[in-house]
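Please examine the sequence and the fold shown here. The paragraphs that follow move from the strands to a helix and then to the ligand.

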Amino acid sequence: MELYIDTANIDEIRNAADLGVLDGVTTNPSLIAREGVDFHSRMAEICDIVSGPVSAEVVSVEHDGMISEADELLKIASNIVIKLPCTVDGLKACKTLSDRGVKVNMTLCFQPLQAMMVAKAGAFLVSPFLGRIDDIGGDGMELIQQIRTIYDNYGYTTKILSASIRHPLHLVQCALVGSDVATVPYKVISQMMKHPLTDSGLAAFLADWNK
Ligand code: G3P
């Protein structure tokens, strides 16, 4: 499973990239606003650190505005992926951009038919938000499974990018159901190599060696 980091914080991106297994980055308007920085400059900084796909989200809600914003964002770096919402205008903009060969990440996906439609429109990535479904008492993993089945049934090549990951168990479940990618907050990435028995086992090995 590919691993992206879900942040616009440069220190977190550098630390994750230093692990040597980071495949890409996702941002959204809330994550950019949290940093209090210029959007385009920050995207350029991120693309200097990570060579894989870097998602930059438009804030227009209608087709023509989305395309104009996308055209500006695409000037930043060759690895920019345009992030659009799973709305009717977002779907049309996805088709327009995908037909031009632009990589698109369709975000705010909460039901399987949105995922099917954006796959038909040529999306490179679809982002189901599993944590936010869990937050309202739903089953986020069921959505990931449904999308996996639909994509496999018809051979859609859009990659499932599981988003709104809240804890390591989400990642295990994503890997088990065949999510292509997971985008993960730094806090969860930093938990991925941790186990108390690894720490205590290593301490015991070293203590024995030193005797
Ligand atoms: O970037 C999209 C998604 O991962 C947001 O997650 O935690 O705000 O629901 P969250």
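Two strands are taken to pair if DSSP finds at least two bridges between them. In this predicted model, strand β5, residues 104-109, and strand β6, residues 125-128, meet that condition with 3 bridges and pair in the parallel sense. In general, strands of a sheet pair through backbone hydrogen bonds, in either a parallel or an antiparallel arrangement.

A barrel is closed by 8 strands, which follow one another in the order β1-β2-β3-β4-β5-β6-β7-β8 with parallel pairing. From one strand to the next, the twist averages 30 degrees.

Helix α5, formed by residues 88-99, lies across β4 (80-85) and β5. The direction of α5 makes an angle of about 155 degrees with that of β4.

Attention then turns to the ligand. Which residues surround the ligand? They are Asp6, Asn28, Lys83, Phe129, Arg132, Ala163, Ser164 and Arg166. Among these residues, Asp6 has a side-chain N or O atom 2.6 Å from an oxygen atom of the ligand. For Ser164, the distance between a side-chain N or O atom and an oxygen atom of the ligand is 2.7 Å. Arg166 likewise places a polar side-chain atom 2.7 Å from an oxygen atom of the ligand. On its own, the ligand has 310 Å² of accessible area, of which the protein covers 82%.

Methods: Residues numbered from 1 in each chain as written. Predicted model: local features only at pLDDT ≥ 70, side-chain atom pairs only at ≥ 80, totals over all residues. Heavy atoms only, no water. Helix = DSSP H or I, 4+ residues; strand = E, 2+ residues; numbered from the N terminus. Axes fitted to C-alpha atoms, helices over the stretch in contact; angles between N-to-C directions. Contact = heavy atoms within 4.5 Å. Near = heavy atom within 4 Å. Polar contact = N/O pair within 3.5 Å; in protein donor to acceptor, adjacent residues only side chain to side chain. Areas by Shrake-Rupley, 256 points an atom, 1.4 Å probe, with all protein chains shown as cover.
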